[in-house]
Amino acid sequence: MFPMTIAARFLCAVSSAILPASDPAELRATVARAVEWIERQAAPLEGEEGALLFVDPQRRNTRLGAAVYGGSAGALLFLENAAAVLDDARARTLADGIAKGLRATQQQTRTGELTWMPDGMREGATALYAGDAGVGAAFLARARLRDDDEALELAVAIGDSIVARGTAEEDRLSWDQQVEIIFGAAGTLLFLLDLGEASGEESFVAAAQAAAHWLIAQAQVSHGGADGQQRLLHWRWQLAGNQPYVNFSHGSAGVAYALARVAAVTGDEACARAARDGAEWLLAQSLVHGDGLAWPVIAGAPQTMGGWCHGPPGTARLFLLLHAQSGEARYLDAALAGARFVMAQAPREAQPADADPRAAAPAAFPPSFCCGVAGVLDFFCDLHRVTGAAEHAAFAARAGDWLVQAAVADGAGVLWHQGATHDPSSGGGDGAASVDLMLGAAGEALALLRLATLAEARDPVRHLPDRAVR
């Protein structure tokens with residue numbers, strides 16, 4: 001028997017409240033109210049007419065950075081989707097202002113390339129969540145949702161800057177020592193791959209392929225399987241003390257996913273094999289929970305989590321992608337077992353219909369896209385689109401209902417309190433609220449937007465490039 005994890009205790013609270021099936025109109029209304037609150041966190045950029053940038057709701061004199069994680073680019077990606085999907089004029093106008101603000105605050109590196117990152121930032125400056133690739137991804141979403149040539153032009157300029165800042169050696173391209181999705185080459189190459197598709201410029205695909213070759217060269221090789229001959233690959237997160245993180249955000253699952261995406265576009269067999277060998281290492285790390293699977297945060301350690309960052313809602317995307325590419329049932333089986341691990345946290349006994357889900361949830365586990373409910377909801381939307389299974393849509397709806405009821409009214413708008421990602425016994429969260437895609441209202445609202453459109457035959461949301469599962 002495994003001890004109940006932090007994520008498990010949280011998801012019990014999410015799933016135990018018996019609520020009506022999610023109403024698309026209520027979901028859309030909640031998203032619109034989130035836009036209203038997010039709008040109030042923007043401030044004019046002095047000297048730039050119509051330009052806005054977000055500020056910290058707790059420290060109004062502190063401007064947020066540009067990155068997806070913790071900054072304006074992630075919120076812009078949400079706003080563009082809200083504007084397009086809901087035809088929301090408030091979201092569209094706000095997105096225009098933030099896009100102008102980001103354009104106005106672009107800088108140059110010491111060698112003259114386009115950037116938004118601080119001078120001297122050594123690690124992650126070109127990354128998807130922490131660096132310039134994320135700004136490019138936000139403008140690429142704007143270009144696609146609006147058919148906006150200027151936004152595509154800027155995304156291409158960002159891609160050119162990222163490629164120019166890389167270090168080329170033989171058939172490899174790298175930027176720093178980081179390999180993973182949030183800070184590293186895996187996330188950067190996914191933006192370049194996406195940009196190549198949108199722009200038609202093969203140079204970006206070639207750069208993504210070269211970055212994939214660099215990732216393969218960084219892999220740690222071991223062997224396993226029944227005969228000891230199966231090659232196993234894993235990667236280490238250098239910024240965290242060179243530890244073997246396992247899951248999607250900072251670990252081998254995200255790197256293997258990026259390699260599989262490159263293989264699908266280029267036909268590169270070395271990338272395809274490395275992705276499969278990474279998946280084999282992940283399967284060897286899996287922990288069985290009844291009929292479910294979870295993965296440890298760090299290889300060999302007991303802690304598991306249930307969010308996108310370090311749990312099945314991120315890691316299972318690798319297995320869904322490999323199943324789509326290969327048709328091998330065992331990959332789908334692993335993804336479904338990961339989903340069962342998440343779903344099994346729901347207790348059988350219902351709480352009273354009038355129970356407050358905010359009171360039931362551990363204060364230290366967040367509703368966020370990165371670590372909490374919004375990321376779980378987002379994954380189950382993708383899972384339902386792959387499987388068509390009613391149980392996956394139903395679990396997504398239950399998570400969505402929890403998010404709607406956990407929203408906190410603030411004037412005409414709503415927000416969500418962040419909490420923290422640690423054991424509640426060590427102290428609760430700070431109750432702060434943010435506009436951040438990964439930790440704040442933009443993420444919770446984007447997850448609700450995906451749920452509101454789950455019945456549509458084609459997903460209308462233009463997501464970050466690490467979310468595709470087929």
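## Terms and basis of the model

A residue is called buried when its relative accessible area is under 20%, exposed when that area is over 50%, and partly exposed in between, with a 1.4 Å probe and protein chains only. The accessible areas themselves come from the Shrake-Rupley method with a 1.4 Å probe, and for residues only the protein chains shown count as cover.

This is a predicted model, in which local features need pLDDT of at least 70 and side-chain atom pairs count only at pLDDT 80 or more, whereas totals for chains, interfaces and linings use all residues. Residues are numbered from 1 along each chain as its sequence is written, and side-chain values use heavy atoms, with hydrogens and water left out.

Helices (H or I, at least four residues) and strands (E, at least two) are DSSP runs numbered from the N terminus. Helix H15 covers residues 390–406, and its 17 residues reach 24 Å from the first C-alpha to the last, close to the 24 Å expected at 1.5 Å a residue; the expected span is 1.5 Å times one less than the number of residues. Because 12 of the 17 residues of H15 are buried, this helix is largely enclosed by the rest of the structure. Among the buried residues of H15 are Phe395, Trp402, Leu403 and Val404, and the list also includes His392 and Asp401.

## Salt bridges

A salt bridge is counted here when a side-chain nitrogen of Lys or Arg lies within 4 Å of a carboxyl oxygen of Asp or Glu, and a search of the whole structure finds 29 of them. One of these joins Arg144 to Asp194, with the closest N and O atoms 3.1 Å apart. Arg144 lies in helix H5 (residues 132–146) and Asp194 in helix H7 (residues 185–199), so the pair ties together parts that are 50 residues apart in sequence. Arg144 is partly exposed, with a relative accessible area of 26%, whereas Asp194 is buried at 11%.

Arg144 also meets the side chain of Glu197 in a salt bridge, at 3.8 Å from N to O. Since Glu197 lies in helix H7 and Arg144 in helix H5, this pair ties together parts that are 53 residues apart in sequence; Glu197 counts as exposed, at 62% relative accessibility.

Elsewhere, Glu328 and Arg330 form a salt bridge of 2.9 Å, N to O, in which Glu328 is partly exposed with a relative accessible area of 32% and Arg330 is partly exposed at 37%.

## A negative surface patch

Asp147, Asp149, Glu150 and Glu153 form a negative surface patch. Patches are made of residues with over 30% relative accessible area and no salt bridge, like charges being joined within 9 Å and nonpolar side chains (Val, Leu, Ile, Met, Phe, Trp, Tyr) within 5 Å.

Ala127 is placed in the loop between strand S4 (114–115) and H5, and it is buried, at 0% relative accessibility. The C-alpha atoms of Ala127 and Phe183 are separated by 5.1 Å, although the two residues are 56 residues apart along the chain.

Phe341 is found in helix H12 (residues 329–343) and is buried, with a relative accessible area of 4%. Phe341 and Pro312 are 29 residues apart in sequence and 7.9 Å apart in space, C-alpha to C-alpha.

## Loop residues with positive phi

Glu170 has a positive phi of about 55 degrees although it is not a glycine. Glu170 lies in the loop between strand S5 (167–169) and strand S6 (172–174), where it is exposed, with a relative accessible area of 73%.

Asn242, likewise a residue other than glycine, has a positive phi near 60 degrees. Asn242 lies in the loop between strand S8 (230–234) and helix H9 (252–266) and is partly exposed, with a relative accessible area of 41%.

Key
Lys and Arg count as positive and Asp and Glu as negative; His and the chain ends are not counted. The place of a charge is taken as NZ of Lys, CZ of Arg, CG of Asp or CD of Glu.
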